[in-house]
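Subject: Structure handover and notes

Hello,

Here is the structure, handed over for your own work. My notes on it come below the model.

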Amino acid sequence: MPRQKFVAGNWKMYTSSSSGRVLAMAIASGVEDDRVRVAVCPPFPYLAVIAETLKGTPIALGAQNVYPAKEGAFTGEVSADMLRDVGCRYVIVGHSERRHGLGEQDDFINCKLRLAMEAGLDVILCVGETLAEREGNQTNDVLRRQLTAGLEAVSPTVAPRLTIAYEPVWAIGTGKTASPAQAQEAHAFIRDQIGGILGAPAAEQLVVQYGGSVKPDNAAEIMRQPDVDGALVGGASLKAESFLAIVNAAR
């Protein structure tokens, strides 16, 4: 059975309650059917507003981060149960901006992933190499480490609720994009590694998104590759026209 394409928009630290509502409404009105799975991930303060805006539409809500504890004295943090309570289906963990900008390590990311899944959230796990690591021929080593550690103690039974987003760090916000061949090579390697970690059936059904400066003019060619199952979209998700063009490219 072919894997359904999945396109998610990561709004990062952009939008306001009003602009976010307008953006969500425009995206929802432009998605005509459910052939492509679509989600948007607004900043924390606007999750409830966007959840209300998306009610009754095929667009799912996701969060950009989660803290790996059920509750407690963790000032400024947000739990998976809280995300579920405001209507989230998805959460992103391990984004490169948190790995490299905020120092998050693989074991911490693994805790987030497992707690989020236990709470009933579907998880988008981000993995990818820096420019120095690619130029040093370390891409496969980095992906192997991040996948092995990130999925430690994770059961193959949760594979349908797991998405891997391959985000070459050197292609995020730089205007650079991995070529279709580079994307396919990395995605095929990721799928092979998942086969060793969670088993061949899980690897075959696993959705692997590409997430490095995806734009309307490169999305179709990248998502045409056999192991590329969608996109995690950053800047282009902040304009309904460009985000919908990527969704349409996935169709």
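This is a predicted model: local features need pLDDT of at least 70, side-chain atom pairs count only at pLDDT 80 or more; totals for chains, interfaces and linings use all residues.

Strands

I began with β5, residues 122–127. Six of its six residues are buried, so this strand is largely enclosed by the rest of the structure. In a regular strand the side chains alternate between the two faces of the sheet. For β5, one side takes Asp122, Ile124 and Cys126, while Val123, Leu125 and Val127 point the other way. Residues on either side are buried.

β5 has a parallel neighbour in β4 (residues 90–93), to which it is joined by four bridges. In that pairing, Val91 is opposite Val123. β5 also pairs with β6 (residues 162–166), again in the parallel sense, over five bridges.

β6 runs parallel to β7 (residues 207–210), and the two pair over four bridges. Ala165 is found here too, standing opposite Gln209 in β7.

Helix α5

α5 covers residues 106–118. Its 13 residues should span 18 Å at 1.5 Å a residue, and the end C-alpha atoms are 18 Å apart, which agrees. The buried residues of α5 are Asp106, Ile109, Asn110, Lys112, Leu113, Ala116 and Met117. Seen down the axis of α5, these buried residues fall within an arc of 160°, so they line one face of the helix. An α-helix has 3.6 residues a turn, so residues three or four places apart point the same way.

What covers that buried side? The cover includes the strands β4, β5 and β6, together with the helices α3 (80–85), α4 (96–101) and α7 (139–150). On the face of α5 turned away from the buried side are the exposed residues Asp107 and Glu118. Just after the helix, Gly120 takes a positive phi of about 100°.

Cysteines

How many disulfides are there? With a cut-off of 2.5 Å between cysteine sulfur atoms, the count comes to zero. For Cys88, the nearest cysteine sulfur belongs to Cys41 and is 7.8 Å away. Cys88 is buried, at a relative accessible area of 4%. For Cys111, the nearest cysteine sulfur is that of Cys126, 17 Å away. Cys111 is partly exposed, with a relative accessible area of 29%.

Arg3

Arg3 sits in the segment before β1 (6–10). Which groups does its side chain reach? A polar atom of the Arg3 side chain lies 2.8 Å from the backbone oxygen of Glu204. The side chain of Arg3 also makes a polar contact with the side chain of Asp229, at 3.0 Å. Leaving aside neighbours within four places in sequence, the residues in contact with Arg3 are Arg191, Glu204, Gln205, Leu206, Val207, Pro226, Asp227 and Asp229.

That is the end of my notes.

Regards

Conventions
Residues are numbered from 1 along each chain as its sequence is written. Side-chain values use heavy atoms; hydrogens and water are left out. A polar contact is a pair of N or O atoms within 3.5 Å; within protein, one must be able to donate a hydrogen and the other to accept it, and residues adjacent in sequence count only if both atoms are side-chain atoms. Contact means heavy atoms within 4.5 Å. Buried means under 20% relative accessible area, exposed over 50%, partly exposed in between (1.4 Å probe, protein chains only). Two strands pair if DSSP finds at least two bridges between them. The expected span of a helix is 1.5 Å times one less than its number of residues. The arc is that of the directions from the helix axis to the C-beta atoms.
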